[in-house]
Amino acid sequence: MLRGPVFAGTYCHAGDPAGAAYTYGRYANPTWSAYEAALGELEGGPSLVFASGMAAVAAVLCTTLRPHDVVVLPSDGYYAARVLAEGYLTQMGVQVRQASTAGEAQRHLLDGARLLWLESPTNPRLDVCDLRGLTDAAHDAGALVAVDNTTATATVRGQRPLALGADFSVSSDTKAMTGHADLLLGHVAVADPDLLAPLAAWRTQVGAIVGPMETWLAHRSLATLDVRLQRQCSSALVVAAALRAHPSVQACRYPGLPDDPAHAQASRQMSLYGQVVSFTLPDRDTADRWLAALRLVVPATSFGGVHSTAERRARWGGDDVHPGFIRLSVGLEDPQDLLDDLTRTL
Ligand SMILES: Cc1ncc(COP(=O)(O)O)c(C=O)c1O
């Protein structure tokens with residue numbers, strides 16, 4: 001049974017702090033520990049909770065890389081990770097190499113690399129790479145491997161990067177892991193327990209910590225994770241198939257569609273294909289009109305929540321996508337109601 005959140009800035013504690021589990025709120029919290037233990041089961045390796053997905057991404061990049069190190073990133077992954085690398089890591093003397101996920105171009109950039117960063121499926125274009133194959137190649141080249149698993153979600157039925165050989169599994173739990181679009185949170189899981197200490201020290205020292213209430217809500221949400229994901233993924237497949245067949249829709253992508261270019265590789269490493277479907281409407285105006293006419297699907301950024309959301313991704317800049325490119329996140333609504341809403345105004 002899940003205990004209530006522990007709200008504590010400091011703990012009743014006297015004497016030598018060495019070996020004490022709970023001393024001060026920035027160091028550790030029993031509500032974090034409980035959520036981290038649950039994440040450890042899902043990921044198959046010890047885990048640490050962070051204030052957001054980006055706090056988790058930054059923790060791995062900043063504890064792994066030193067001046068003159070080389071990091072290989074997907075050029076089509078989540079844009080804020082690229083902004084962080086291009087803006088801050090390069091200033092610190094880290095060399096950033098980027099290549100696309102489709103075609104696994106990162107494989108050719110591994111020489112001398114310290115860290116290979118992968119994202120599969122990518123947000124927002126939903127390309128997939130061979131996590132096991134690239135991880136083996138990176139390890140042969142002497143590099144560590146981190147996988148941003150946010151779009152897939154780490155569950156027993158989802159995609160588990162540590163089981164595929166990765167050293168770090170990184171996630172924005174703001175998305176499907178917690179699923180209610182009411183909090184921000186992230187985590188890192190590691191294959192080798194020795195990789196945990198530098199991450200924990202970083203979290204304590206920069207203060208990238210999450211509050212006990214959010215952590216408790218996140219932990220509570222895990223009780224419905226499997227049920228939510230199964231329903232969202234099966235609805236996403238129905239929606240993607242209908243959109244793919246619609247004459248006004250171009251380039252509909254969903255790794256679960258048997259004829260999607262990513263399907264064969266996705267099937268080797270994930271058994272649920274996620275809640276995100278992407279497609280392209282003819283132009284910006286058509287896409288904006290379509291979004292404004294939706295009744296059930298909420299026009300909003302982010303994904304993975306129980307309510308379906310959609311957005312025209314190019315409005316942010318940062319992603320190399322067509323002006324009419326839509327990222328749709330499929331929620332728990334009745335799939336027929338969703339289809340009616342999505343196709344009514346196309
Ligand atoms: C793939 C991916 N990684 C990381 C993040 C960052 O997560 P957060 O917004 O929780 O910081 C996001 C957010 O959209 C994401 O989509």
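Q: Let's say buried means under 20% relative accessible area, exposed over 50%, and partly exposed in between (1.4 Å probe, protein chains only). What share of the 346 residues counts as buried?

A: 55% of the protein's 346 residues count as buried. This is a predicted model: local features need pLDDT of at least 70, side-chain atom pairs count only at pLDDT 80 or more, and totals for chains, interfaces and linings use all residues. Residues are numbered from 1 along each chain as its sequence is written, and side-chain values use heavy atoms, leaving out hydrogens and water.

Q: How many helices and strands are there?

A: The protein has ten helices and twelve strands. These are DSSP runs numbered from the N terminus (helices H or I, at least four residues; strands E, at least two).

Q: And what does the C-alpha trace span?

A: About 70 × 50 × 35 Å along the principal axes of the protein.

Q: New topic. How many aromatic pairs turn up?

A: A search of the whole structure finds four. Among them are Y24 and Y27, with ring centres 6.1 Å apart and planes at 75°.

Q: Why is that pair edge-to-face?

A: Because its planes are at 75°, and over 60 degrees counts as edge-to-face (under 30 is stacked, the rest tilted; the ring centres of Phe, Tyr or Trp, by its six-membered ring, must lie within 6.5 Å).

Q: Are those two buried or partly exposed?

A: Partly exposed. Y24 has a relative accessible area of 40%, and Y27 has 46%.

Q: What about Y78 and Y79?

A: Their ring centres are 5.4 Å apart and the planes are at 65°, so this pair is edge-to-face too. Y78 is partly exposed at 27%. Y79 is partly exposed as well, at 23%.

Q: Which charged end sits over the ring of F303?

A: That of K175, 5.3 Å from the ring centre. The test is NZ of Lys or CZ of Arg within 6 Å of the centre and within 35 degrees of the ring normal. Elsewhere, the charged end of R203 sits over the ring of F50, 6.0 Å from its centre.

Q: What volume does the largest pocket have?

A: About 610 Å³. Both K175 and F303 are among the lining residues closest to its centre, with S172, T174 and S302. The lining has 33 residues.

Q: Which elements supply at least two residues of that lining?

A: Helix α2 (53–64) and strand β6 (168–172) each do.

Q: What counts as a pocket?

A: An open set of points on a 1 Å grid over the protein atoms alone where a 1.4 Å probe fits, with protein on both sides within 12 Å along at least five of seven lines; lining residues have an atom within 4 Å of a point. Volume is the space filled by probe spheres set on the points, which are joined across faces, edges and corners.
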